[in-house]
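Please keep the structure in view while reading.

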Amino acid sequence: MIFEHFSAGGCQSYLVGCPDSRVAILIDPELSLIDRYLAFAARDGLRVHYLVDTHTHADHFTATQELARRLEVPVAMHRLSPAPFVDLGLDDGEMLVVGKLRLQVLHTPGHTRDSMCLMVADRVFTGDTLLMGGTGRTDLPSGNPEQLYDSLFGKLAHLPPAMQVHPAHEYKGRDHSTIGQEFAENPRLQVRERAAFVEMMNGLNLKMPTHITEALRTNMSGGRTVAQMLAEAAASVPFMSLAELQGRAAGNGEELLVLDVRERDAYEQGHIPGARLLPRGQLELRVNQDLPDPTRRVVVCCEFGRISTLATATLRSMGFLRAVALDGGMQAWREAGHPLKSGPEP
Ligand SMILES: [Fe+2]
C-alpha cells in the first residue's frame, strides 16, 4: 500500500494508493494543501480516484469539492452528509474499491451524525470518532454522545487490537496508534459505562473552534471561503508596490490614477495625494460615470490590501485591463511615512 500522511495545524489527511494499479484515494483533504496533494500524487505516479471526507468538518476547510472539480473524480461521504457536492453517498458496510485495495465503511455517528471510519488492510481511518488519547467532541451541530458511545464501544472496540488508528486530528506529532492501545490507555475509553460516558462528554465545556461558522458554511454548502476568494482574485491581477507607487506619484510621470475604494470617512481622514474616491460598495454602479476610459492605468488601494485586490479583479473583469492592486494598503502607506492628504475630494 502506498501511504502518505499530511498535517496542517493538527488536521490530518491521507493519500492511500494501490502500488499495482497506481490509483489512490485522498481522505480528509484540507484546502490549504491542495498543491501538496497533487504534487505527491504526481511524484508517486498516482491517479486519485476518490475524495473522501470522514464527516462534515467544523474546524477546517475541506478540499474535496475543489479537488473534485480539478480532477473530475467523485466526492464520497456518508449518505447523511448535508453537502450538495457529494457524488457518492456511502452507507455502513459498503466498500470503495481502489485498485486492489478495499476500503470498508463503518458508520460511526456521534461526533457528527455523518461520521464514518474507513478500514483498509491493517489500518482504520477514524476521522474524529477516535483520536489518539481522545475522541471527537459531541457538542457541535449533529453531535450526540449516546451515538458516540455506541460507535466506540459497539463498533470500534470489536476491531482487531493490532489495527492501526489514523485519526483526522493529532496535535502531538504522533504518527498512529492501535485499537488495542486506545482501548487500554485512552482516558475517554476507560469510562465504559454509558451514562458516565455521556455525562463526561456533556461536561467537557470546550471552546468553539475558530472559523466554525465559515467552515460549516462552506463545508455544508460548497460555497467558497474568504481566503479562497482573495486567492482567486490575487491570482488574476498584477500588483504594484508602495515604493513604486510613491516613486511614480512623486515623479509625475505617466498619468496613473490612484483609486481609493474605502468609505468616504476613511478617505477624508487621509489618502494618497491625488487619489480618487470610489467606495467598493458602489464600484460597479458608479464606474461608468467615474472612470469613462477603460484603457486608463489605475492602481487600486484600500486599508489593508485585501478589498483592493477584490476590487481590482472586479475592474479587470469589467474591462479595465490596466487596473492593478496596491501590494499593501493605506495602513502600510502611513507606516512607511509616505505623504498623505486629508479632507474631501477636490
Ligand atoms: Fe471534526
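## Helix 2 and its two faces

On the face of helix 2 turned away from its buried side lie the exposed residues Arg-69 and Arg-70; exposed means that 12 or fewer other C-beta atoms, placed from the backbone, lie within 10 Å of the residue's own, whereas buried means 20 or more. Helices (H or I, at least four residues) and strands (E, at least two) are DSSP runs numbered from the N terminus. This is a predicted model, in which local features need pLDDT of at least 70 and side-chain atom pairs count only at pLDDT 80 or more, while totals for chains, interfaces and linings use all residues. Residues are numbered from 1 along each chain as its sequence is written.

The buried residues of helix 2, which covers residues 64–71, are Thr-64, Gln-65, Leu-67 and Ala-68. Viewed down the helix axis they fall within an arc of 165° (taken from the directions from the axis to the C-beta atoms), so they line one face of helix 2. These buried residues pack against strand 3 (23–27), helix 1 (34–43), strand 4 (47–52) and strand 5 (75–78), contact being defined by C-beta atoms, placed from the backbone, within 7 Å. Just after helix 2, Glu-72 takes a positive phi of about 55°.

## Overall form

The protein contains 12 helices and 19 strands. Its radius of gyration, taken over C-alpha atoms, is 26 Å, well over the 20 Å that the globule rule (2.2 Å times the number of residues to the power 0.38) gives for 346 residues, so the protein is more spread out than a compact globule.

Conventions
Contact = placed C-beta atoms within 7 Å.
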